Amino acid sequence: MLKRTPTTKARFQLILIKPSHYDNDGYVVQWIRSTMPSNSLAAVYSLAKGAAERELLGPDLPIDVMAMDETNTRVKTKEIARRIAENGGRGLVGIVGVQSNEFPRAVDIARPLREAGVQVLIGGFHVSGCLAMLKELPGDIKEAQGLGVSIYAGEAEEGLDEVILDAARGELRPLYDHMKHLPDIGNIASPPFLPNDFIERTIGNVTSFDAGRGCPFQCSFCTIINVQGRKSRYRTPDSVEQILRMNWDQGINRFFITDDNFARNKDWEAIFDRIIKLREEDGMDVRFCIQVDTLCHKIPGFIDKSKRAGVTRVFIGLENINPANLIAAKKRQNKITEYRKMLLEWKRVGIITYAGYILGFENDTPESIRHDLEIIKKELPLDMLEFFILTPLPGSEDHKVLHEKGVWMDPDMNKYDVEHVVTGHPKMTEAEWTEAYRTAWGIYYTDEHFETIIRRAYASGINLRSLMPVLFWFSSAVPVEGVHPLQWGIFRIKYRHDRRAGLPLESPFVFYGRYAADIARKLVLVAKRWRHLKRIVRKVEADPHAKLYKDEALTPVIDEDAEHMELYTQNEAARTAVERERRVAAKTGNGNGGKVPVPAGLRTNGHQGNGHDAGLQDAELHINEQNEPASPLV
Ligand code: B12
Ligand code: SF4
């Protein structure tokens, strides 16, 4: 039990930590500035502050809330234990938003705290996913409970008060299971929020929030549908406005909307309409990065309203271009015949596109991956492509099936970062699969393709000063730092003592010698890559014909003979999928002479169409005139 130091007045200490994970050498992945503030932390922090303001524990026991993100802040467990003791001994450490690859680190943070008698509660996708899909708790969660760590599965919106009350009595339960009831998040009093001094530790003037949760699709590798459900739950436009205004008031104007599929947020239009009002009538120049699916362009008005609502970047779950792989993963909504149309629609309004591409579906081989990437480069007008290794993430159907069949999966959760191979593949060895992932970045981001991406963007009216840092970030994270761009940050911090439990403490000579050499190597590489990219940008800008650039990927599908597109013809599965789409189009009257239908905007305006209304053109111009340092994400 914690020693209680007499104080004038006891204060309950609620300390929220978003953990990081370990690199391959067992050191905590940490930066001076990390990529972006965690929405999971923002959600729990705001609920906790709400409880503090409501004096949940009564006027005699005020609640102090403190939040830290380990990707940019060192977690000092001794100081935390001391802080609780100095304030009367009552407190709780909540380890927040813990993903599977962060679970081992979360437990390593919890261990010394438990030894010091501090109450610890772990929540997030790993525990929620396991409870949602597995009949029995897995060994790592049981082990954590064995240390006296409590587990919180499900969302905190309706359960945090109970946890705080239990913790204040020193009676935290081993398990809080809120998986059966998905709370309504429409108009809650304390929507996600983090204060500015926290956001300053991340890159750019960006914060994140979820405008909704849940997705209607059924991809077998996805955890979201099993944790957050398939029904769309969403915040009201009033609530979204509240989040935007709270941030605007503290000088934050850029947002990553974390909805996995904002296009399937049932209230997307009302939310966009409110944001458009804030931008166009109230003068709030807010900008967004959103995530959508490959059919979003079919939702009437979605892309044009995205533009007016200040969306500057969009993440698209492309995942793969082989229909056989997409069907095997139950990603039936991804139709290769729609990919170029959808990307051209985003280009039409000058929005930068990022697509996720998963490597290791059952038909993938090193050769097919290489081949597919060359097709993408030639035939799809995409800006950034990011790669992931197909991973049976706890909480997904894939994980459940392998688990029930007793198929080998790596027991080390730290590797479930979608950058490590953690199970077998029918056509690739572990080494081939790992190599295919590593080389994919280099296959896509060649000098030649950098120039093509930049030329396509320039011709489409995309601001190159916004594109360049993002292109740099996504192409350089793996070759420079060996981490995924979503995990990269500015200047890697390493502490010799912050090493994974069970690994030896290295000698200062070895540790600091390697650390210094690494820093020097990375600085040289970063400078070289940045200068190189800048040269390519300057070359394109200096070309008087650059605005007229056109290539196959920028050509609307209607203008060409689809028979010649390799994307449509490269294998039997692709040919069958295209045939099927044509039959459907003919039956639904959507066809155009047997060709796959083309969105209205493209028919009239072409990919560089100028069919936006005057207000939109103003908004576009305004954005293009910006010259601020860009965040890699928003
Ligand atoms: C935004 C996001 C990111 C952001 C920010 C992270 C964040 N957590 O905010 C960034 C870009 C950094 C990121 C990175 C990665 N991500 Co991510 N990310 C997301 C995303 C899209 C939204 C997260 C979110 O805001 N959710 C909404 C919040 C409110 O839900 P929540 O986290 O579950 O939190 C609620 C409850 O769990 C509970 N709760 C959580 N903690 C606690 C603690 C206590 C004490 C209590 C009481 C309750 C509680 O209350 C919260 C509020 O209701 C999710 C998908 C999703 N829909 O969640 C993927 C997701 C979490 N990411 C995932 C992955 C795999 C990654 C990466 C490994 C990918 C990569 N290679 O880059 C990295 C890992 C980063 C790392 N440090 O290692 C997976 C994790 C799956 C798993 N089984 O662990 C998810 C689920 C997506 C997927 N593919 O399935 N990610
Ligand atoms: S579309 Fe995205 S969020 Fe929806 S089920 Fe598939 S992977 Fe999950």
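Biologist: Why is E579 called partly exposed?

Modeller: E579 has 39% relative accessibility. Buried means under 20% relative accessible area, exposed over 50%, and partly exposed in between (1.4 Å probe, protein chains only), so E579 counts as partly exposed.

Biologist: And what makes R582 buried?

Modeller: Its relative accessible area is 19%, so R582 is buried.

Biologist: Good! How do you know that E579 and R582 meet in a salt bridge?

Modeller: A salt bridge is a side-chain nitrogen of Lys or Arg within 4 Å of a carboxyl oxygen of Asp or Glu. For E579 and R582 the N to O distance is 3.8 Å, and they meet in a salt bridge. Both sit in helix 21 (residues 572-587), 3 residues apart, so about one helical turn separates them. Helices (H or I, at least four residues) and strands (E, at least two) are DSSP runs, numbered from the N terminus.

Biologist: What should I keep in mind about the model?

Modeller: This is a predicted model, where local features need pLDDT of at least 70, side-chain atom pairs count only at pLDDT 80 or more, and totals for chains, interfaces and linings use all residues. Residues are numbered from 1 along each chain as its sequence is written, chains are lettered from A and ligands numbered from 1 in the order in which they are written, and side-chain values use heavy atoms, leaving out hydrogens and water.

Biologist: Which residue forms a salt bridge with R105?

Modeller: That is E70, with the closest N and O atoms 2.5 Å apart. R105 lies in helix 3 (residues 103-115) and E70 in the loop between strand 3 (63-69) and helix 2 (77-86), so the pair ties together parts 35 residues apart in sequence. R105 and E70 are both buried.
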